[in-house]
Amino acid sequence: MKQKAQTTSFYVETLLLIVVFIAIILGLTQIFGLAEAESSRSAQLTGAVMLAENAAEAVSASRSAGELCALLDEGGSARLEGSGVSARYGADLRPDPAGPYELRVSWEPEAGGLVNSTIEVLREGRGLYTLQTAVFCGEEAGR
């Protein structure tokens, strides 16, 4: 009788150990899945920041919205829209008219030659990053 009770408790302990082991594996799998999703979001944000930095440099080098469009137009992905420029980029951050990233740069001249720009990077219609910048263009700012 004592032998049968020991065998039963051994099986119960073994089953409990297996259940705990499976629960730990499922928990770790979920953690790694969340980490992969966060890594993907981080990569998208990093790409958006790089595109915004490049656009800010182009704003700094421009004296008009047309010149800004010409600087951002690397392969036909940029177009002049009203008082700003819009361009599209692929997942590899290279110009791509059908790419998921959209860069919008406003060109807002003020009196005195200062031009304010809002640089916005979107991915599939969702805003990722916005940057405010300004450049002094002198009397050429309104052209």
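1. G125 sits in the loop that runs between β5 (114–123) and β6 (126–136), where helices (H or I, at least four residues) and strands (E, at least two) are DSSP runs, numbered from the N terminus. With a relative accessibility of 64%, G125 counts as exposed; here buried means under 20% relative accessible area, exposed over 50%, and partly exposed in between (1.4 Å probe, protein chains only). G125 and Y101 are 24 residues apart in sequence, and their C-alpha atoms are 8.4 Å apart in space.

2. A word on the basis of these remarks: the model is predicted, so that local features need pLDDT of at least 70 and side-chain atom pairs count only at pLDDT 80 or more, while totals for chains, interfaces and linings use all residues. Residues are numbered from 1 along each chain as its sequence is written, and side-chain values use heavy atoms, with hydrogens and water left out.

3. R88 has its place in strand β2 (residues 84–89), and R88 is buried, as is E102. Not counting residues up to four places away in sequence, R88 touches S77, P95, D96, P97, A98, G99, P100, Y101 and E102, contact being defined as heavy atoms within 4.5 Å. A polar atom of the R88 side chain lies 2.8 Å from the backbone oxygen of G99, and the side chain of R88 also makes a polar contact with the side chain of E102, at 3.4 Å. A polar contact is a pair of N or O atoms within 3.5 Å; within protein, one must be able to donate a hydrogen and the other to accept it, and residues adjacent in sequence count only if both atoms are side-chain atoms.

4. The pair R88 and E102 also forms a salt bridge, with the closest N and O atoms 3.4 Å apart. This pair links distant parts of the chain, since R88 belongs to strand β2 and E102 to strand β3 (residues 101–106), 14 residues apart. A salt bridge is taken as a side-chain nitrogen of Lys or Arg within 4 Å of a carboxyl oxygen of Asp or Glu. E102 counts as buried because its relative accessible area is 13%, whereas R104, at 38% relative accessibility, is partly exposed.

5. In the whole structure, 4 salt bridges are found, and one of these joins E38 to R41, with the closest N and O atoms 2.6 Å apart. E38 and R41 both lie in helix α1, 3 residues apart, which is about one turn of the helix. E38 is partly exposed, with a relative accessible area of 41%, and R41 is likewise partly exposed, at 46% relative accessibility.

6. Helix α1 (residues 2–61) also holds L15, which is exposed, with a relative accessible area of 55%. L15, I18, F21, I22, I25 and L26 make a nonpolar surface patch of about 600 Å². Patches are made of residues with over 30% relative accessible area and no salt bridge: like charges are joined within 9 Å, and nonpolar side chains (Val, Leu, Ile, Met, Phe, Trp, Tyr) within 5 Å.

7. In helix α2 (residues 65–72), the buried residues are A65, L68, C69 and L72. Viewed down the axis of α2, these buried residues fall within an arc of 100°, so they line one face of the helix; the arc is that of the directions from the helix axis to the C-beta atoms.

Technical notes
Accessible areas come from the Shrake-Rupley method with a 1.4 Å probe; for residues, only the protein chains shown count as cover.
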